[in-house]
Every structure is written in structure tokens, then in C-alpha cells.
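User: I'm new to this one and would like a quick tour. Let's go bit by bit.

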Amino acid sequence: MAGETIITVVGNLTADPEIRTTGSGASVASFTIASTPRTWNRNTGQFEDGQALFMRCSAWRDMAEHCARSLAKGMRVIAQGRLTQRSYEAKDGTHRTVVELQVDEIGTSLRYATAQVAKVQSGAAGAYGNPASMPAGYTGGTTAAGASLPPSDPWGSASGSSSSFGDFGKPESEPDF
């Protein structure tokens, strides 16, 4: 939507994501990302930590489940989403306003760690990796005997034939003199 504030936050999870289900049956994961800037102090020759930002985050539906299964306290993450503001009345009767990040994308940072990713086979037909969206006989760039690849597959041209991508990385042939 126009006018939304999109931000990216890089930091560490302060606790494991907490997942709950709303009255309408939607899953929501809640967690906090602590982002602390570090600057180099030339006078002392050391890094110094700045004021930490604690950003409360929420992830909804399938992403909530994925966060609960994949993320844990202390992990360094990169989260992108929309800032939302909401007001409520606390138990003591005071009115409060909070700003949260409604997460659209999140992943672990590979700066200081490694990760192994597993594709989840769910979602609407036509989604990436969903076999229901692939033409019959299509096996992701390889073919069974006699099967043909969709014309839109740049990696699927037969050996020896040329396509816009088919010759990439292939040594150039010697010119005939």
C-alpha cells in the first residue's frame, strides 16, 4: 500500500518466538529483535556499542509457523516489514501506544553463521516449487526420456543447442582459419 513505512532491521532475537492463535484461527508469532549499532572509536582503538533498539515484531499465518520452527533466542536475523502503530488501554486504565514491525520477510543472517534451508511444500497452486504449477513431465530442467521441457525454461535446452543461457560458461570455439 502507498504510504506505509517499510524498514529493514538487523539484530538478534531476545527470546524464542512465541506463537499463538487468534480467535479467527490465524497463527501469529511474536518476538523482539535487538539491534545495537557499533562504531569504531579512533581514540581508544575499540568498538563501542550505541543505544540498542528493541523492535517488537509479529509474523502471521504460515510465516508464524516457520518462524517458530526456525528461529531461536540469540540468532542474528534480517527482518523487513511495515511499521504499525496501535493504541490500547492497559490494565491500570492508562492509554498506551506501541510501534511494531509487521514482518513481511525474515531470515537468518549468514554473517557469522551458516544455515540449511528446506523448502516447505505448501501454498497456492502456482507458487514456486509447487508441483501443481509445473507442466506434466517437467522435472526442473531435466527430462525423462521422450519428455519435452517448457519453452520458457532457459536451462532446459538440449545439449549442443543454443539458447540465451545455454552457452553461458561454455568455452568459445576456435575460429576457422
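**A walk through the model**

Analyst: Let's begin with R61, which sits in helix 1. Helices here are DSSP runs of H or I with at least four residues, strands are runs of E with at least two, and both are numbered from the N terminus. Keep in mind that this is a predicted model, where local features need pLDDT of at least 70 and side-chain atom pairs count only at pLDDT 80 or more, while totals for chains, interfaces and linings use all residues. Residues are numbered from 1 along each chain as its sequence is written, and side-chain values use heavy atoms, with hydrogens and water left out.

User: Okay, what phi does R61 have?

Analyst: R61 has a positive phi of about 55°, although R61 is not a glycine. Most residues other than glycine have a negative phi.

User: Is R61 buried or exposed?

Analyst: R61 is exposed, at 54% relative accessible area. The cut-offs are under 20% for buried, over 50% for exposed, and partly exposed in between, using a 1.4 Å probe and protein chains only.

User: Zooming out, how many strands are in the protein?

Analyst: Eight strands, plus one helix. Along the sequence the pattern reads β-β-β-β-β-β-α-β-β.

User: And how much of the protein do buried residues make up?

Analyst: Of the 177 residues, 20% are buried. The protein exposes about 13200 Å², and carbon and sulfur atoms supply 52% of that. Those areas come from the Shrake-Rupley method with a 1.4 Å probe.

User: Give me a buried one. Where is V28?

Analyst: V28 is in strand 3, and its relative accessible area of 1% makes it buried.

User: What does V28 touch?

Analyst: Not counting residues up to four places away in sequence, V28 touches E18, I19, R20, T22, S58, A59, W60 and A64. Touching, or contact, means heavy atoms within 4.5 Å. V28 and C67 are 39 residues apart along the chain, with 9.6 Å between their C-alpha atoms. Over the whole protein, residues 24 or more positions apart account for 51% of the contacts with a separation of 6 or more.

User: New topic: how do strand 4 and strand 5 run?

Analyst: Strand 4 and strand 5 (residues 46-49) run antiparallel, joined by four bridges. Two strands pair if DSSP finds at least two bridges between them. Strands 4 and 5 form a hairpin with four residues between them, and G45 in the turn has a positive phi of about 70°.

User: Who is the bridge partner of W40?

Analyst: W40 is partnered with F47 in strand 5. R38 stands opposite D49, also in strand 5.

User: And how accessible is F47?

Analyst: F47 counts as partly exposed, at 49% relative accessibility. Leaving aside neighbours within four places in sequence, F47 is in contact with R38, T39 and W40.

User: What about N41, where does it lie?

Analyst: N41 lies in strand 4, which covers residues 38-41. N41 counts as buried at 18% relative accessibility. Beyond neighbours within four places in sequence, N41 contacts Q46 and E48.

User: Now pockets. What volume has the largest pocket?

Analyst: About 940 Å³. A pocket is an open set of points on a 1 Å grid over the protein atoms alone where a 1.4 Å probe fits, with protein on both sides within 12 Å along at least five of seven lines; lining residues have an atom within 4 Å of a point. The volume is the space filled by probe spheres set on the points, which are joined across faces, edges and corners.

User: How many residues line the largest pocket?

Analyst: The lining has 28 residues, with H66, S70, I106, V117 and A118 nearest the centre. Helix 1 gives the most, with six residues.

User: How does the lining of the largest pocket split by class?

Analyst: There are 13 nonpolar, eight polar and seven charged residues. Nonpolar covers Ala, Val, Leu, Ile, Met, Phe, Trp, Tyr, Cys and Pro; Asp, Glu, Lys and Arg are charged; the others, Gly among them, are polar.
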